[in-house]
Amino acid sequence: YLNGGYVFTGDLDAARTIPLDDYLYAGAGAEWAWKERLSLHAQLLAQGSPFEETGVDEVDGVSMILTFGGKYRFGKTVAEFSFSEDPTVAGAPDFMVAAGLSRRF
């Protein structure tokens, strides 16, 4: 699959108001039905920075998250897992592990 979009931001109201820029985002992914009950997937998500130009690469750069994971189906229940990594210095978190369980009724 492919997806993309444009985010219209407003100002961040905190201890003081910080103006935010609109930005683009895009994603691409694929899922492979490896076994009857097991599928594997990979996806890459990227987005621009909502902050004004600061001169700091970690803030100004494009954020990316690369994810590998899968789903295991047993009956009406699906167990999901994934590992995500930041291939750039602009994204956060740098590494993440996620798991989930869902059931159809």
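Asp-57 is an exposed residue, since its relative accessible area is 57% and exposure is taken to begin over 50%. This value, like the others in this report, comes from a predicted model. Asp-57 belongs to helix H1, which covers residues 57-60. Thr-88 lies 31 residues away from Asp-57 along the chain, and the C-alpha atoms of the two are separated by 9.8 Å.

**Overall fold**

Helix H1, which contains Asp-57, is set among strands: the protein chain has one helix and eight strands. In sequence order these elements give the pattern β-β-β-β-β-α-β-β-β. The chain is more spread out than a compact globule, because its radius of gyration is 18 Å, well over the 13 Å that the globule rule gives for 105 residues. Along the principal axes, the C-alpha trace spans about 50 × 30 × 25 Å.

Of the 105 residues of the protein chain, 19% count as buried. When contacts between residues at least 6 apart in sequence are considered, 35% of them join residues at least 24 apart. The chain exposes about 7600 Å², and 61% of this area is supplied by carbon and sulfur atoms.

**Charges and the salt bridge**

The protein chain carries 8 positive and 15 negative side chains. The centres of these two sets lie 27 Å apart. Side chains of opposite charge can pair when their charged atoms come close. The structure holds one salt bridge. Its partners are the side chains of Arg-73 and Glu-31, with an N to O distance of 4.0 Å. This pair links distant parts of the chain, as Arg-73 is in strand E6 (residues 63-74) and Glu-31 is in strand E4 (residues 23-33), 42 residues apart.

Arg-73 counts as partly exposed because its relative accessibility is 32%, and buried would require a value under 20%. Glu-31 also counts as partly exposed, with a relative accessibility of 44%, whereas exposed would require a value over 50%.

| Residue | Relative accessibility | Class |
|---|---|---|
| Arg-73 | 32% | partly exposed |
| Glu-31 | 44% | partly exposed |
| Asp-57 | 57% | exposed |

Note on methods:
Residues are numbered from 1 along each chain as its sequence is written. This is a predicted model: local features need pLDDT of at least 70, side-chain atom pairs count only at pLDDT 80 or more; totals for chains, interfaces and linings use all residues. Side-chain values use heavy atoms; hydrogens and water are left out. Helices (H or I, at least four residues) and strands (E, at least two) are DSSP runs, numbered from the N terminus. Buried means under 20% relative accessible area, exposed over 50%, partly exposed in between (1.4 Å probe, protein chains only). The radius of gyration is taken over C-alpha atoms; the globule rule is 2.2 Å times the number of residues to the power 0.38. Contact means heavy atoms within 4.5 Å. Accessible areas come from the Shrake-Rupley method with a 1.4 Å probe; for residues, only the protein chains shown count as cover. Lys and Arg count as positive and Asp and Glu as negative; His and the chain ends are not counted. The place of a charge is taken as NZ of Lys, CZ of Arg, CG of Asp or CD of Glu.
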